Amino acid sequence: MASKNRISRRTFTAGMGAAGIVAGTAPFNIISAQGAPLKVGVLLPRSGAQAGIGQDCQRGVDITAGILKDLKLPALQIMNGDTETNVEVARARAERLINEGAQLLIGAFDSGQSTAIAQVAEQKGIPYVINIAAAPPITEQGYKFVFRNFPTAPVILANAFENQIEIFKATGNAPKTAVFMHVNDTFGTAMQKGFTGTMARFADTPYKVLETIAYDGTARDLSVEVAKAKATNAEALVMVSRLNDAILITRELVKQRWSPKAVLSMGPGWYEDQYLKTLGKLGDGPMSFVPWYDPNKKLSKALEAALAKAHAGVNMNTNHVYTFEALLVAADAYKRAGSADPKALADAIRATNIKDNVSPGPGIQFDAKGQNSALKNSAIQNRGGKLVTIAPKEASNAKPEHPMKPYDKR
Amino acid sequence: MTTEVVLKIAISGVLTGLVYGLMALGLSVIFGVVRVVNFAHGEMMTIAMYLVIVFFSALGLDPLLMLVPISAVLFALGYLMQRAIINPFINRPEHSQFMLLVAVALIMVNALLLIFGPDSQGITTTYSFDSFDVGGIIIDAGKVYAAIAALIVAVALFAFFRLTLTGKAIRACADNYNGALVVGLDVKRLYSLTFGIGAACVGAAGTMLMIVTDVTPAIGPAYTLLAFVIVITGGLGSMPGAIVGGVLIGLTEALGGFFFTPSAKTMFSFAILVLVLLFRPQGIMGRKTA
């Protein structure tokens, strides 16, 4: 027995050799990981129905490199992927990017597509930072590699009611009735499900909802939907929409000669540049209760300046901010992890504590589920083709204007 | 719900349906004569819609003034497509024709995406936000103009096929291919003319649709599908059937969306399609084949 356990000269030499190889190469691995840019697969709907928004998110990617350099964060090597606004394509593209060497994924604007990518990322053990997607279940699955720096639908709704109450108190004028219209995709349906329950929690909400109207976001004509909404005689129009439908609905409001006292949007569309550009002065007035940015933060000003330089005339919005912040999280985690090892990256993301950021709230941290639950949302209003932040007061740069100027008096 | 609101929605549905009918008319004409199903139909219409954007941006021309020139451009496109690409496939199996036209459609969508980008684009005319108040019923002015123009184009097309020699020759080709060859008609040229006329119809419909809606490159397939639903409902190859089908689908979607749920309004048009296929497979105005 004793002879079996004895270490021979040959074993000792082999062991020392192996240890030497490991010891000698390990530092090189670390140096290599820290020196080389992190390969980040950016999945966005660059074509299909959400192509416009996907391209807008890409602007956030375009302006990131310079800011990361200023912040002394490591460089990222961007690998682009197009989800084609399709859940199955999103899943396939995520797999392909990982096979091609992506060490971290970000994207994909849409809840359905993000859900599919999250499943792939978790299965393959590659960290995935969601830029924009609000459906709560994504971070309720117990995933270890999925992180979201974007508020969930219930948080968006809760903040929306808080901000609305603040605004109506400040203006001393509130609508008594409302009609709720929402797009019938994953996001719109999640928002609709949360809307009634959340509203019930805010006893100070001044209006009651007379009717809820779901509609197809890809519809070519929304005249029926608006006619149905107008027939309720509601004072306010509460919206959860996308861009194209927001434009179509506004046109119908004008054509059908209906000027609600307020248009209260709890989703994208109503604040986007294309909306403002297409509708001109008819685009003024709607308030959007959305994940936004704190205009008073230092990094917001830097991001705005970078956007103005790269894309003159483009107003900074949710798409740019949260796509940028997803990349910021990736670069920050890579720096702290000191390695592109997926587990080390995931652990570093989980330990994120970024105070110098853009979105409202105390900064970027993730809870045990991988969700940044400290995020705050803002209320913004369209004014003269620009966007001003009107609530919460501590992250605002203008006072709210309510009621909205009627369309026929502009 | 007041009667005014219901009437307003019904009128809106009929007006939209007339423009859809004109779009489907092009598909019906092509299928009725050439016996090729144009799977690039909606995509051709988006080309016409983008031409409106280009001319409107560059010259400030009203879509109503662009109706004839854009139809002419689409006629040329259709004529050349038939002559250069589709004629060699005329006697090939249907699945080959299908693949060819789907490929053409994909190329069109991606070319538009490259040229114009993915953003939704529209035009704002002097009457874009106008509406008529007829006894308390508010009617979209743009839809009224578009529907009137669609009706005029449809009537002109019927007159062409009934009253002109070329129109009669095309109908002869549709009725009896071999007979047309025997009497010395240049069938290939007539096929190209027919495809051109079908494309001109879709060009006119696209021009009119720009008055009431926006365009994105990705919207083509949805219009192709809509044209199929209308043509099958109205009767494959029947010109009046396309208009009737368009109006029926427009009306059904509008009233179905109003009385039930707007998000399911497309479902009602498919329900009509299923009913027609079950009880009158040849379509409302189609002829029964032996």
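At what angle do the axes of helix H5 and helix H8 of chain B cross, and within what distance do the axes come? I'll pick that up in point 2, after a word on confidence.

1. **Confidence.** Keep in mind that this is a predicted model. Its scores are ipTM 0.82 and pTM 0.77. For chain B, the mean pLDDT is 91, with 99% of residues at 70 or more. Within that chain, helix H2 (residues 41-59) has the highest confidence, at 96, while helix H7 (residues 177-182) has the lowest, at a mean of 89.

2. **H5 against H8, chain B.** Back to the opening question: H5 (residues 141-163) and H8 (residues 187-212) of chain B cross at roughly 170°, and their axes come within 8 Å. Since angles over 145 degrees count as roughly antiparallel, that is the label for H5(B) relative to H8(B). On the H5(B) side, the residues making the contact include Ala146(B), Ala149(B), Ala150(B), Val153(B) and Leu157(B). From H8(B), the contact residues include Ala204(B), Ala205(B), Met208(B) and Leu209(B). By class, this contact has 13 nonpolar residues, one polar and one charged.

3. **H13 against H14, chain A.** Here the picture is another one: helix H13 (residues 318-337) and helix H14 (residues 342-350) of chain A pack at about 115°, their axes 8 Å apart. That makes H13(A) roughly perpendicular to H14(A), given that the class covers 65 to 115 degrees. The crossing of these two helices, H13(A) and H14(A), is right-handed. H13(A) brings Val329(A), Ala333(A), Tyr334(A), Arg336(A) and Ala337(A) to meet Ala344(A), Leu345(A), Ala348(A) and Ile349(A) of H14(A). Eight residues of the contact between H13(A) and H14(A) are nonpolar, none is polar and one is charged.

4. **The parallel sheet of chain A.** If you want a spot to look at, strand E1 (residues 38-44) of chain A runs parallel to E2(A) and is joined to it by seven bridges. Val42(A) has Asn80(A) in E2(A) as its bridge partner.

5. **The mixed sheet of chain A.** Chain A also has an open sheet of seven strands with mixed pairing, in the order E7-E6-E8-E9-E10-E11-E12. Its edge strands are E7 (208-215) and E12 (386-391) of chain A, each pairing on one side only. The twist here averages 25° from one strand to the next. Strand E11 (residues 378-383) of chain A and E12(A) run antiparallel, joined by five bridges. Opposite Asn382(A) stands Leu387(A) in E12(A).

6. **Where the chains meet.** Chain A puts 30 residues into the contact and chain B puts in 27. On the chain B side, helix H1 (3-34), strand E2 (137-140), helix H10 (239-259) and helix H11 (265-279) of chain B each supply at least two residues. H1(B) gives the most to the side of chain B that touches chain A, with five residues. That side of chain B divides into twelve nonpolar, ten polar and five charged residues.

Technical notes: Residues are numbered from 1 along each chain as its sequence is written. Chains are lettered from A and ligands numbered from 1 in the order in which they are written. This is a predicted model: local features need pLDDT of at least 70, side-chain atom pairs count only at pLDDT 80 or more; totals for chains, interfaces and linings use all residues. Axes are lines fitted to C-alpha atoms, for helices over the stretch in contact, and angles run from 0 to 180 degrees between N-to-C directions. Helices (H or I, at least four residues) and strands (E, at least two) are DSSP runs, numbered from the N terminus. Angles under 35 degrees count as roughly parallel, over 145 as roughly antiparallel, 65 to 115 as roughly perpendicular and the rest as oblique. A crossing is left-handed if the near helix is turned anticlockwise from the far one by less than a right angle, and right-handed if clockwise. Two residues are in contact if their C-beta atoms, placed from the backbone, lie within 7 Å. Ala, Val, Leu, Ile, Met, Phe, Trp, Tyr, Cys and Pro count as nonpolar, Asp, Glu, Lys and Arg as charged, and the others, Gly among them, as polar. Two strands pair if DSSP finds at least two bridges between them. pLDDT is the predictor's confidence in each residue, from 0 to 100.
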